[in-house]
Amino acid sequence: MDHVHPDDFDRVVKALVDQFGVSLAEAANRLRSARPCIVVGHDLAVSPTLQAAFLTLVNLTPRIFKAGGVVADPSNALSSRPCVNTPYPTLREAVIAHGGVEGTDSLGPNRIVVGTDGDGPGLRLTFDGWAARVGPASWSGAMPQRERCVLAGVAGAAIALGEMFFHAAGLSVEATEREVGLSLWSPGTSEDSPDGPGPAVEFLPGEAWLLGLGHLGQGFAWALSMLPYEEPGKMELLLQDFDRVVAGNTGTQALTSVSDVGARKTRVCADFLRARGFDPGVIDRPFDERSPRSNAEPALALCGFDGQGPREVLDRVNFERVVVCGVGGTVSDFDELQLHTLPFHKAKASEVWPRSTRVGAGEALAASNPFYRSYRETHKCGEVELAGLSVAAPFAGAMAGALAWAEVLRELHGGRRCGFVELPLRSLDVRRARFIAKEIATPRYSKPCLHAKECETVAVGA
């Protein structure tokens, strides 16, 4: 068994290693064999929400399934120019840039049908306003596909990829055989509820500070890039992290590639956003209580720290509003998202996120799992460190991005603030969605909100 450096251990592959005790090569091969074919139709060409879903699928598929996505396009929708914010002149060139290929629909079970066109086996991804639904294409009902919030497409893609992954990894017996969905406008209620579609997005945040640029923070950046800014460069945007890209990040983080290994994550994310018209500033140091926000800097923070992170100081550094997203790190909970918003009613951040003293998280797994026991026999050490690494998947980061920005947009459009949302993607059942009462003050941002541009209808092949 070859030596594995912790920085090189793919955290998506690790889910199968931890679940089955198989080798890295066998785990990767199982994922490749489950790679979905992405089937598109006429409606992709004219729908920003479906395009957000489609681009999320083609970007994340090779990261999760270790091979570029195959796209079946019987309607020639890929020749259309995008109606979301992307630097590629056509959707076909976006597929190529993300390592995908155009091919023939095999009608096998590993299919994701994007929109209402197409039947057969596999999953169908559809939406209505702020709500998204994924279910078996042969019987799952299509939603009206009213364009109101493009984040529904990002969320729908995250759901579809999660269903495919949970099935391939043996983590859910129901995955790909059920109908699941959610509403970003009304978390905690069915996507079919009267409130599910929400209003059309008219306003976008004029400022934001992204804290932590791992797989959650890059999910924030990916979802932000899809929002319909008329002039993205007018947004006051700061990116903060101290870390550099390692090889193991390329499977879990939406914006990294092998060519980025060794680069600062702030630079990778900034380059991605600048290619889409944003003008972010970067801060290459850890965030802590010794670096409070000045009144001239963005008052809205989106926090996606890996591990514990300094969450306990977030209500003491002069932000007006903070959206915090966290996720588990083992094969049993890596898909369990928790979203909090600050300020709270009564609790302080230090009470919600006390400093962790947990140690020895990998010891039990290293002792019981055949892969780590074999690694110990071969290398005499290092198995506990590998077993203690986090499991992660980029579809969880994409969903985190959709949830976090939806929280910001909901407040800008008169919706209810969520103090806390707990969302396990494996069951896609919002366990808790606690709303904040109206007496919490509206934040005083340093920059006014920006107007969203209207959806432009683009003809197929234009």
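**D260 and beyond**

Modeller: Leaving aside residues up to four places away in sequence, D260 touches V245, L255 and V268. This is a predicted model, and everything that follows should be read with that in mind. To find D260, go to the loop between β10 (236–240) and α7 (265–274). Its relative accessible area is 17%, and buried means under 20%, so D260 counts as buried. For a sense of distance, take S294, which is 34 residues from D260 in sequence. Between their C-alpha atoms the separation in space is 31 Å.

The next stop is a pair of rings. The structure holds 15 aromatic pairs, and one of them is formed by F287 and F305. Their ring centres are 5.9 Å apart and the planes meet at 25°; planes under 30 degrees apart count as stacked, so this pair is stacked.

F371 and Y372 make an aromatic pair of the edge-to-face kind. Here the centres are 5.1 Å apart, with 80° between the planes. F371 has a relative accessible area of 4% and is therefore buried. Y372 is buried too, with a value of 0%.

Now for two helices. The axes of α1 (residues 13–20) and α2 (residues 24–33) come within 9 Å of each other and cross at roughly 115°. Angles of 65 to 115 degrees count as roughly perpendicular, so that is the description for α1 and α2. The crossing of α1 past α2 is right-handed. On the α1 side, the contact is made by V13, L16, V17 and F20. On the α2 side, L24, A27, A28, R30 and L31 take part. Sorted by type, the residues of this contact are 8 nonpolar, no polar and 1 charged.

L342 and P343 are joined by a cis peptide bond, with omega at about 5°. P343 is placed in the loop between β14 (336–342) and α8 (349–352).

Two lysines have a positive phi although neither is a glycine. For K66, phi is near 65°, and for K380 phi is about 70°. K66 is in the loop between α3 (48–65) and β2 (70–72). K380 is in the loop between α10 (370–379) and α11 (383–387). K66 has 18% relative accessibility and therefore counts as buried. K380 has a relative accessible area of 58%; exposed means over 50%, so K380 is exposed.

Terms used. Residues are numbered from 1 along each chain as its sequence is written. This is a predicted model: local features need pLDDT of at least 70, side-chain atom pairs count only at pLDDT 80 or more; totals for chains, interfaces and linings use all residues. Side-chain values use heavy atoms; hydrogens and water are left out. Axes are lines fitted to C-alpha atoms, for helices over the stretch in contact, and angles run from 0 to 180 degrees between N-to-C directions. Helices (H or I, at least four residues) and strands (E, at least two) are DSSP runs, numbered from the N terminus. Angles under 35 degrees count as roughly parallel, over 145 as roughly antiparallel, 65 to 115 as roughly perpendicular and the rest as oblique. A crossing is left-handed if the near helix is turned anticlockwise from the far one by less than a right angle, and right-handed if clockwise. Contact means heavy atoms within 4.5 Å. Ala, Val, Leu, Ile, Met, Phe, Trp, Tyr, Cys and Pro count as nonpolar, Asp, Glu, Lys and Arg as charged, and the others, Gly among them, as polar. Rings of Phe, Tyr and Trp (its six-membered ring) pair if their centres lie within 6.5 Å; planes under 30 degrees apart count as stacked, over 60 as edge-to-face and the rest as tilted. Buried means under 20% relative accessible area, exposed over 50%, partly exposed in between (1.4 Å probe, protein chains only).
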